[in-house]
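Hi there,

Here is the structure I promised to pass on. Have a look at it first, and then read my notes below.

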Amino acid sequence: MQSKLPEESFAALRGPFESGRQKPKSLAFTLLLFVFIQPLMFFLTYVVAADGTIYPNKDMIMNIHLWITAALVLLSIIFAIPVIYNKGQIAQYLLIILTSQNTGATFLYISSLFLLGSDRLGIDATKDSLLNFMYVTLIIGLLVFIVTWIRFYVLLQRGHYREGSKKDNLRKKFEAKSYLPMAIIVGTGVVYVIQYVARNSYMIDINVMVVVIIGPLLFFAMLFVLPEQIVILYCKYRFESFNFNKDGNLKPISRKDA
């Protein structure tokens, strides 16, 4: 659908590149941080949080996630090298999306599932109830992604991402209304998590409780930002103006459709 829109419709999305916050060099530094953060999160998830859990297929999940994380760590090292990321800016941005989703969403979400299946919250959980919990939260996450994607597309169609073509108060008013369905969906998800814990728990460990609630909540939040990440990746592929030249300067908008 975005192929029908001209380059100017995406101009406002260049903000992080214009500020330098997402220059290839800055993204390379972020990737190096992920090189250390991802193994730490893996340890906390599969050694600390998974200790004593009855969550089914824990070892299989760990083995698959180990290979995925190891590949992301290796690629993060490779795309932190200037000669590589300067020639592969699109691939570097794709890697940023994958590593940020893995670190920000996947690890804590899986940790919350493992903790619900342990005795640290005093939850009388069964394998079937844990799987049902996973299915419900994944469906909610899918709804978050779909609603956000539709909202983002409507904003693009209405010209809210055109450079200098919108009034701030009009856009704020429109976006405030468009957040309502998202707030309802995420709120429903959080309420479901709390109800599940309260209904099945006879002992509350506040520290574990925080992780159990934050895990799905951050999972929903990362799915909320994923559509914008995907659209920016698409723009880097389609438009030269979303990439940097060999001198490290952002290329200008061509002012015509690609």
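By the rule that rings of Phe, Tyr and Trp (its six-membered ring) pair if their centres lie within 6.5 Å, the count is 14 aromatic pairs. Planes under 30 degrees apart count as stacked, over 60 as edge-to-face and the rest as tilted. Phe 42 and Tyr 46 make a tilted pair, because their ring centres are 4.6 Å apart and their planes stand at 40°. About one helical turn separates Phe 42 from Tyr 46, because they sit 4 residues apart in helix α2 (residues 24-49). Both Phe 42 and Tyr 46 are buried, where buried means under 20% relative accessible area, exposed over 50% and partly exposed in between (1.4 Å probe, protein chains only).

Tyr 109 and Phe 219 have ring centres 4.4 Å apart and planes at 20°, so this pair is stacked. It links distant parts of the chain: Tyr 109 belongs to helix α5 (residues 89-116) and Phe 219 to helix α8 (residues 206-238), 110 residues apart. Tyr 109 is buried, at 6% relative accessible area, and Phe 219 is buried too, at 12%.

Ring pairs also join Phe 10, Phe 17, Tyr 93, Tyr 234, Phe 239, Phe 242 and Phe 244 into a cluster. Two of these residues, Phe 17 and Tyr 93, turn up again around Gln 22. Leaving aside residues up to four places away in sequence, Gln 22 touches Pro 16, Phe 17, Leu 27, Tyr 93 and Phe 244; contact means heavy atoms within 4.5 Å. Gln 22 lies in the loop between α1 (15-18) and α2 and is buried, with a relative accessible area of 16%.

Now for the whole chain. It has 8 helices and 0 strands; helices (H or I, at least four residues) and strands (E, at least two) are DSSP runs, numbered from the N terminus. Of its 258 residues, 46% count as buried. Among contacts between residues at least 6 apart in sequence, 80% join residues at least 24 apart.

Before you use any of this, please note that it is a predicted model, in which local features need pLDDT of at least 70 and side-chain atom pairs count only at pLDDT 80 or more, while totals for chains, interfaces and linings use all residues. Residues are numbered from 1 along each chain as its sequence is written, and side-chain values use heavy atoms, with hydrogens and water left out.

Best wishes
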